Amino acid sequence: MNPLVSIIIPAYNKEAYVAETIDSALAQTYSHTEIILINDGSTDNSMAILEQYQARCPEKILLFDQENQGVSATTNKGIMEAKGEYIQFLDADDIMSNDKIQNQINLLKEEGKNATVHCKWSNFKTSIKSDSFYPFHIYRNFDLGIDWLLTAWNYQEMTADSSWLVSRELVDLAGPWNEDLTINQDGEFFCRVLLNCSKVIYDNKSSVYYRSLNEGNVSQQKSEKSWCSLLMSYSCYQRDVLKVEDSPRVRKALKKVYQKFIYDVFPEHSDLIAEAENHIQNLGISEKTYIGGPKFQTLSKYLGFKNALKLKRLLS
């Protein structure tokens with residue numbers, strides 16, 4: 001009646017934040033949890049902080065130390081060590097509301113382990129009191145995981161990986177986190193989770209808080225390596241979703257994913273832009289699709305997508 005939930009926290013150089021993250025895991029009103037901490041070769045004081053927590057709660061916390069391998073390999077280590085029927089992923093600088101796991105376990109008990117559940121999320125820098133939530137289109141129930149994905153892609157929306165609670169069965173069906181990726185690892189992994197799930201439930205009571213850092217945050221890197229990884233993750237989207245449903249609506253949503261990539265990278269890395277444009281051409285969708293805010297969409301309708309991009313960069 002009270003399944004074990006494994007909370008997996010990979011940590012790399014998060015000494016300033018990891019204690020607050022672990023505190024939010026320990027403060028959960030749902031008590032049947034294990035917390036798996038993995039130090040991924042940190043060069044700061046992170047390991048010492050993790051050791052303090054493990055010594056304080058040895059019956060609750062498992063601690064592992066390894067040479068730096070990256071977030072995907074570290075998360076896969078956590079999955080391998082997890083004993084829970086459900087998995088909660090939690091970045092080492094993010095925070096969950098105290099009732100998050102309890103609320104979501106209650107919802108999943110009614111649906112079975114082929115369903116998954118998520119909640120709202122927001123960005124913050126120093127205090128969750130200064131957070132802001134956006135009224136995303138994905139904040140509702142979906143009968144199929146693929147419908148959640150298409151909605152997110154059509155509206156260029158996303159969610160923090162910590163917003164989800166996933167059964168071990170779905171994690172195993174999805175397979176491991178992709179260790180070839182250096183960015184959007186979570187988005188690519190949860191694409192596979194959602195393609196394998198029967199239903200997506202929206203938990204309107206809980207919240208998670210994603211810390212936006214100005215530096216050292218891989219998700220904000222703009223190097224060519226990061227852009228290559230992002231485009232690779234999108235090609236993984238395409239490969240996997242078309243195996244489940246190859247239809248005009250899926251191809252149209254994928255076109256918007258690649259358009260958003262071009263929007264973000266333009267005018268740099270012309271080779272990657274050309275690769276994204278090639279993906280769009282191969283999708284075979286002649287229908288015009290529009291992304292971005294209302295002003296940019298209007299510009300695109302009159303000037304075309306690339307000309308609107310050039311004008312936007314010229315004016316910015």
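Leaving out neighbours within four places in sequence, Trp227 is in contact with Lys222, Phe261, Asp264, Val265, His269 and Leu272, where contact means heavy atoms within 4.5 Å. This is a predicted model, in which local features need pLDDT of at least 70, side-chain atom pairs count only at pLDDT 80 or more, and totals for chains, interfaces and linings use all residues. Residues are numbered from 1 along each chain as its sequence is written, and side-chain values use heavy atoms, with hydrogens and water left out.

**Trp227**

- Trp227 sits in helix α8. Helices are DSSP runs (H or I, at least four residues), numbered from the N terminus.
- Trp227 counts as buried because its relative accessibility is 7%. Buried means under 20% relative accessible area, with a 1.4 Å probe and protein chains only.
- Ile183 is 44 residues from Trp227 in sequence, and their C-alpha atoms are 8.2 Å apart.

**Helices α8 and α10**

- Helix α8 (residues 224-244) packs on helix α10 (residues 270-283) at an angle of about 10°, and their axes are 10 Å apart. Axes are lines fitted to C-alpha atoms over the stretch in contact, and angles run from 0 to 180 degrees between N-to-C directions.
- That angle makes α8 roughly parallel to α10; angles under 35 degrees count as roughly parallel.
- From α8, Glu224, Trp227, Cys228, Leu231, Ser235 and Gln238 meet Asp271, Leu272, Glu275, Ala276, His279 and Leu283 of α10.
- The contact of α8 with α10 comprises six nonpolar, three polar and three charged residues. Nonpolar covers Ala, Val, Leu, Ile, Met, Phe, Trp, Tyr, Cys and Pro; charged covers Asp, Glu, Lys and Arg; the others, Gly among them, are polar.

**Second largest pocket**

- The second largest pocket holds about 350 Å³ of space. A pocket is an open set of points on a 1 Å grid over the protein atoms alone, with protein on both sides within 12 Å along at least five of seven lines.
- Its lining has 17 residues, and Lys255, Gln259, Lys288, Thr289 and Phe305 are the closest to its centre. Lining residues have an atom within 4 Å of a point.
- Helices α9 (248-265), α10, α11 (294-303) and α12 (305-315) each supply at least two lining residues.
- That lining divides into seven nonpolar, five polar and five charged residues.

**Cavity**

- There is one cavity of 30 Å³ or more. A cavity is a set of grid points where a 1.4 Å probe fits but cannot get out.
- The largest cavity has a volume of about 40 Å³.
- Its lining is Pro10, Val71, Thr75, Phe89, Leu90, Asp91, Asp161 and Trp177: five nonpolar, one polar and two charged.

How values were computed:
Parallel < 35°, antiparallel > 145°, perpendicular 65-115°, else oblique. Points joined across faces, edges and corners; volume = space filled by probe spheres on them. Buried < 20%, exposed > 50% of the residue type's maximum accessible area, 1.4 Å probe, protein only.
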